[in-house]
Each structure stands twice: as C-alpha cells, then as structure tokens.
Amino acid sequence: MDSLRDKIKKDLIEEELIPFANGFLSKILNGDGNVSIINRGSHRILQARLSISDGDYNSLKDYKVILEKYGLKPHINRKWRYIRTYLNYNSARKLLSIGAFNNNPNKEKLILFIDNIKSHTTSS
C-alpha cells in the first residue's frame with residue numbers, strides 16, 4: 001500500500017496512472033473518508049468538507065499530496081489524525097465522477113451539495 005501511494009503521489013500526472021489514481025482515491029474515501037455538510041449563514045448556501053482519518057501520519061502526508069494533485073487544499077490535523085479540505089462544485093463533481101463514495105451515504109451528501117450550488121447559481 002505504501003509503494004502504491006508513493007507512486008501515485010509522485011507520478012499522478014502520467015496519463016496512464018490517472019485511472020489507477022482515481023480508483024485508489026475513491027477506495028480510500030469509501031473506507032476512511034467522510035463528507036460533512038455545513039449550512040453557511042442565512043443564505044442557505046451549503047459548504048462541504050472532506051476528511052480522511054488515518055492513524056498513520058505518513059499516510060496522511062501522502063493523502064495530502066494526492067489531494068493537492070486533484071486541486072484541493074487539504075490540511076492535516078496531526079493530533080486527531082485526520083486530513084480535511086473544503087470542496088467546491090467542481091471538486092465534488094470530480095469525486096463523484098471517479099466513483100468516490102459509491103454505495104456509501106456520503107455520496108448523497110455530495111449530491112445534496114452539488115444540487116444546492118446549482119440551485120443558488122440558477123436563481124441568482
């Protein structure tokens with residue numbers, strides 16, 4: 001597992017590794033990931049936070065690098081052993097497109113978040 005994470009974090013930009021990296025990330029998220037939906041203010045615009053819990057700090061550092069390659073800005077909480085990042089419309093759609101959270105309640109949270117963003121942009 002360590003060598004696979006290492007290969008992905010170093011060489012994700014290689015075209016042939018993208019499907020493998022997508023599958024790897026989706027499985028990590030399905031097992032150790034969570035999406036939290038936060039209501040932001042009186043405008044009822046939702047925010048989505050993605051977190052991955054792992055007891056191994058080196059794994060968290062690798063996940064941070066991998067998530068950055070997906071355009072996210074994750075932060076590690078070393079004390080509580082998790083990594084967290086906010087999602088935007090495009091990153092949430094990307095996670096769904098790679099199969100993240102299939103057969104998992106977090107998929108419904110992502111869909112709710114995407115639908116909320118769509119409804120606020122069309123009503124503006």
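The largest cavity of this predicted model is lined by Leu25, Leu67, Tyr70, Leu72, Ser91, Lys94 and Leu95, where a cavity is a set of points, on a 1 Å grid over the protein atoms alone, at which a 1.4 Å probe fits but cannot get out, and a lining residue has an atom within 4 Å of a point. About 40 Å³ of space lies in this cavity, the volume being the space filled by probe spheres set on the points, which are joined across faces, edges and corners. The count by this rule comes to 1 cavity of 30 Å³ or more. Helix α4 gives the most to the lining of the largest cavity, with 3 residues; helices (H or I, at least four residues) and strands (E, at least two) are DSSP runs numbered from the N terminus.

Residues are numbered from 1 along each chain as its sequence is written. Because the model is predicted, local features need pLDDT of at least 70 and side-chain atom pairs count only at pLDDT 80 or more, while totals for chains, interfaces and linings use all residues, and side-chain values use heavy atoms, with hydrogens and water left out.

Leu95, one of the lining residues, also belongs to the largest nonpolar core, which has 28 residues and in which Leu29, Leu50 and Leu95 touch the most other members. A nonpolar core is a set of buried Ala, Val, Leu, Ile, Met, Phe, Trp, Tyr and Cys residues joined through side-chain atoms within 4.5 Å, with buried meaning under 20% relative accessible area, exposed over 50% and partly exposed in between (1.4 Å probe, protein chains only). At least two residues of this core come from each of α2 (18–32), β2, α3, β4, α4 (89–97) and α5 (105–123), and the largest share, 5 residues, is that of α2. Leaving aside neighbours within four places in sequence, Leu29 is in contact (heavy atoms within 4.5 Å) with Leu50, Ile52, Leu95, Ala100 and Phe101.

The sheet comes next. It is an open one of 4 strands in the order β1-β2-β4-β3, with antiparallel pairing, two strands being counted as paired if DSSP finds at least two bridges between them. Since β1 (33–40) and β3 (75–77) each have a single partner strand, they stand at the edges, and one side of each is left without a neighbour in the sheet. Neighbouring strands are turned by 30° against each other on average, direction ignored, axes being lines fitted to C-alpha atoms, for helices over the stretch in contact, and angles running from 0 to 180 degrees between N-to-C directions.

Asp62 has its place in α3 and counts as buried, because its relative accessibility is 9%; apart from neighbours within four places in sequence, Asp62 is in contact with Arg5 and Lys9. Lys107, in helix α5, counts as partly exposed at 28% relative accessibility. Lys107 and Leu96 are 11 residues apart in sequence and 7.4 Å apart in space, C-alpha to C-alpha, and, with neighbours within four places in sequence again left aside, Lys107 is in contact with Leu96, Phe101 and Asn102.

Conventions
1 Å grid on protein atoms, 1.4 Å probe; cavity = no way out; pocket = protein on both sides within 12 Å on 5 of 7 lines; lining within 4 Å.
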